[in-house]
Amino acid sequence: MTKASVKLGGVALAGNSGIQWQFVSGVAPYRTVVQCHKSDWGTLRGRMGSALTLEITDSRGKTTRVKEVYILHEVPSDSAARKSFVIADRRWKWTYKLVVRDYNITRKTGNRTAFGNVPIELDQVVDVYDYLNYSLQQDGKRWTAKLLLEDVLNVIEEGSYNIESLPVKEGGDEGELPIQNVSLRDSGDVAVARALSYIPGADIYVNAEGRVIVYDGTDIQAAGQYLESLPDWTRAGDYPVEVDRKKIRPSKVVVHYQREVEVLFEFKDDYNTVAPPNPDLPYLENVVPCVDRQTTVTEFDPFLRRDIEKKNLPPGTYVNMQSWLAAMDKDKPPNSAPWTFDTIRVLWTIGDLEGVLGAGGRDLDEDVDISARVAALRQHFRQTFRINPVYMQRIRSLRAVRVALYDPVSGARAPASVWGQTCIIPSTKGKRMAKRGDVPPEESTIFRNVDYLAPDAADPEINIVATTPAPARVTIIDEELGIFRVEWVAPPAGTVDSFTPGMLVSTSNQPQAATRDMGQQDDKPIGLSVRVESGATGLALDATTQMKVLMTVVPSSPNNEKQFQRREVEPSAVKSRYRGEYGIDGGDGPELEVFVPPGEMTARFAWLEDDVALTTTQQLFGIGANAAGIEGPDLPGYIFTNDGEGTQAGAGRHIYAHSLAMAAESLAAYADSWQGSVASPLPGQNLKLVGNMSNAGIRIGQAPSAKVDAVVNFPGQQRPISRFSLLPDSTRSQVLGTLPFRS
């Protein structure tokens with residue numbers, strides 16, 4: 001029988017204590033302390049910092065050689081006859097190397113994109129970004145995670161490495177995280193760690209030949225095959241078993257996404273007939289904040305479905321505009337005109353509302369500021385709205401945008417759409433442009449009524465989203481109360497001076513615009529302030545007006561998972577996402593339910609059919625006779641804008657691809673795997689790290705036995721892979737806001 005021995009650089013090491021060498025994963029070097037006899041230290045000390053070979057021979061004469069082992073420094077010894085020192089693998093040198101690299105750096109190109117499909121007054125313009133050429137590969141292509149890792153390893157190891165396997169699918173980026181704006185100014189070990197972080201599941205170690213090896217740390221099948229290949233392995237200590245989690249592994253994964261749903265809110269204002277609104281409909285009401293120290297109003301309560309009196313409301317409390325006007329009329333100065341619509345309609349654009357309604361020095365009540373009242377009236381009349389509180393109590397979030405995502409980099413969406421009625425008051429430029437060309441006298445109008453609801457009214461079967469929205473901007477004032485402001489926006493050409501809240505009509509209450517033809521002064525109004533004894537008596541606000549506002553809401557009703565969009569994922573569909581065996585299919589356990597953070601991905605539904613979508617909205621919120629919540633894959637009357645499955649247009653870009661990745665990440669904790677420790681005789685140069693092994697090492701016992709064996713450890717848990725690395729590149733750009741590559 002051959003006596004076991006351990007040599008470093010041909011010099012025998014002392015066997016008075018056990019010696020161990022391990023192959024461990026990660027960027028930190030493996031270090032251990034060994035001893036030699038004092039007489040041999042002179043030889044080894046002269047080779048400190050140089051590459052040596054650690055040679056281990058067992059009692060059978062089987063020799064294992066570990067190359068690229070370095071003596072780092074001496075440490076205190078337990079005997080004057082021996083010297084103790086630290087040895088390590090080649091990774092100790094990585095901290096000495098500075099890696100300076102930029103990968104896929106983005107910057108503005110100077111170009112900008114206007115999205116269109118919205119009124120020019122509301123068009124959004126965003127900067128266009130592209131990759132800087134110097135940060136791309138030499139052929140102009142962008143860096144991938146694998147190429148980044150190779151580049152870093154070439155800097156610190158100059159080709160002394162192998163990439164054996166990765167959890168990445170060949171021929172694609174799946175399994176990698178996107179590389180964008182990555183700047184390395186790090187030591188070699190940190191640079192490698194950062195590079196590996198873009199390939200979740202990949203790991204690195206130094207093998208017995210002294211080469212750096214990158215491998216797939218998730219391959220359970222490869223780990224099991226390596227375990228079976230070890231010679232005459234014993235089961236001492238932890239008994240190695242293949243952990244079968246089939247009975248507790250989820251049979252499927254149910255992924256829940258928060259819904260974002262467009263809702264069409266309608267405003268109908270009629271000062272001729274006042275009728276309470278239908279509490280079951282998503283209506284809007286014109287509101288105004290109280291300005292007096294105390295205000296008492298009577299307004300409709302949609303929960304009680306009747307009028308109620310609200311006493312002594314402090315300033316800033318929003319109340320219904322018509323109720324507020326009635327309260328102001330009861331508490332007006334003696335010399336004030338009535339606080340009614342009939343007073344307001346003829347004085348809105350050209351009259352002295354402050355003087356007529358009792359301000360201008362005639363106000364002697366210190367608790368009543370008429371000027372503040374008139375200012376509130378001008379600011380909020382048919383401009384500030386409140387959503388039906390019955391709906392707002394079922395809305396988690398209110399957003400003045402549409403659901404469609406225009407630009408994933410900036411996250412820009414189309415603004416909320418408004419369809420309404422107004423009268424355009426032209427600027428001097430606008431009036432002059434209206435006179436260009438041969439314009440008949442009957443078309444020579446100064447003001448212009450516009451009705452963006454006219455196409456919808458003419459043909460009720462036309463859905464509102466199929467018509468052109470108005471150039472109006474929505475600004476949310478109080479999201480919790482559902483209060484927002486609608487502001488008409490003048491075109492950039494400078495032809496419009498202002499807008500009126502509603503269309504203008506003549507005394508006959510017919511929509512009418514003022515003409516410049518003095519020959520028609522007895523038949524048609526010729527200006528806002530012009531009044532004649534016979535014929536037309538000028539223009540005034542219409543007593544009725546309508547508006548529709550399409551905004552995005554996040555439902556908070558019902559108070560259970562039905563408020564979310566449900567996507568079921570079978571483990572068999574997830575399995576194809578991995579290159580190797582991951583051990584996650586065939587589960588018999590309960591369904592696993594997970595929730596996706598809304599900041600990452602939401603299910604977005606766009607309004608499509610007015611009548612059907614309205615019914616669906618009521619069902620979503622559980623309003624009226626409807627049971628709250630919809631569990632189906634679709635919402636009737638809506639279009640699921642970011643779905644995509646199979647061969648559909650846009651497949652893999654949205655919810656479908658994301659749900660598969662989410663399920664894959666969730667199932668990792670239930671994957672089958674090997675667990676335990678195995679000791680065996682030396683397998684020679686085949687000792688290595690494979691799959692999801694914890695570590696592997698050579699153990700030499702203390703003399704005189706000096707037993708030599710190999711010890712391999714298995715963690716019993718699969719390594720998780722980030723869901724973001726399992727997404728197709730097009731889906732990543734939407735979820736993470738990364739820049740699509742422009743060739």
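What share of the 743 residues in the protein is buried? I took buried as under 20% relative accessible area, with exposed over 50% and partly exposed in between, using a 1.4 Å probe and protein chains only. Buried residues make up 52% of the 743.

**Ground rules**

I am working on a predicted model, where local features need pLDDT of at least 70 and side-chain atom pairs count only at pLDDT 80 or more, while totals for chains, interfaces and linings use all residues. Residues are numbered from 1 along each chain as its sequence is written, and side-chain values use heavy atoms, with hydrogens and water left out.

**Overall content**

I looked up the secondary structure next. The protein has 15 helices and 39 strands. Both are DSSP runs numbered from the N terminus: helices are H or I with at least four residues, strands are E with at least two. I then turned to contacts, meaning heavy atoms within 4.5 Å. Of the contacts with a separation of 6 or more, 74% link residues 24 or more positions apart.

**The sheet of 5 strands**

I traced an open sheet in the order E3-E38-E39-E37-E15, with antiparallel pairing. Its edge strands are E3 (19–24) and E15 (241–243), and each pairs on one side only. From one strand to the next, the twist averages 15 degrees. Two strands count as paired if DSSP finds at least two bridges between them. Strands of a sheet pair through backbone hydrogen bonds, either parallel or antiparallel.

E38 (residues 695–700) and E39 (residues 708–715) run antiparallel and are joined by 6 bridges. Asn695 stands opposite Asn713 in E39.

Which helix lies across E37 and E39? I found H4 (residues 220–229) there, running at about 25 degrees to E37 (673–680). Axes here are lines fitted to C-alpha atoms, for helices over the stretch in contact, and angles run from 0 to 180 degrees between N-to-C directions.

**The sheet of 3 strands**

I followed a second open sheet, ordered E11-E14-E13, with mixed pairing. E11 (161–163) and E13 (202–206) are the edge strands, each pairing on one side only. The twist averages 20 degrees from one strand to the next. E11 pairs with E14 (residues 212–216) in the parallel sense over 3 bridges. I noted Val212 in E14 as the bridge partner of Tyr161.

**H2 against H3**

The axes of H2 (residues 145–157) and H3 (residues 188–197) come within 9 Å and cross at roughly 165 degrees. H2 and H3 are therefore roughly antiparallel to each other. I used these classes: under 35 degrees is roughly parallel, over 145 roughly antiparallel, 65 to 115 roughly perpendicular, and the rest oblique. The crossing of H2 and H3 is left-handed, a term for the near helix being turned anticlockwise from the far one by less than a right angle, with clockwise as right-handed.

I listed the residues that meet. Leu148, Leu149, Val152, Leu153 and Ile156 in H2 contact Gly188, Ala191, Val192, Ala195 and Leu196 in H3. By class, this contact has 9 nonpolar, 1 polar and no charged residues. Ala, Val, Leu, Ile, Met, Phe, Trp, Tyr, Cys and Pro count as nonpolar, Asp, Glu, Lys and Arg as charged, and the others, Gly among them, as polar.

**H5 against H8**

H5 (residues 321–330) and H8 (residues 370–380) pack at about 160 degrees, with axes 12 Å apart. That makes H5 roughly antiparallel to H8. I read this crossing as left-handed. H5 contributes Met321, Trp324, Leu325 and Met328, and H8 contributes Arg373, Leu377 and His380. The classes are 5 nonpolar, 1 polar and 1 charged.

**E28 and its partners**

I found E28 (residues 483–488) paired antiparallel with E21 (residues 384–387) over 3 bridges. Thr384 stands opposite Arg485 in E28. E27 (residues 472–478) also runs antiparallel to E28, joined by 6 bridges. Ala472 has Trp488 in E28 as its bridge partner. E27 and E28 form a hairpin with 4 residues between them, and Gly482 in the turn has a positive phi of about 70 degrees.

**Phe341**

Is Phe341 buried or exposed? I found it buried, with a relative accessible area of 5%. Phe341 sits in H6 (residues 341–347). Not counting residues up to four places away in sequence, Phe341 touches Tyr271, Phe381, Arg382, Leu541, Asp542 and Ala543. Phe341 and Asp542 are 201 residues apart in sequence and 9.8 Å apart in space, C-alpha to C-alpha.
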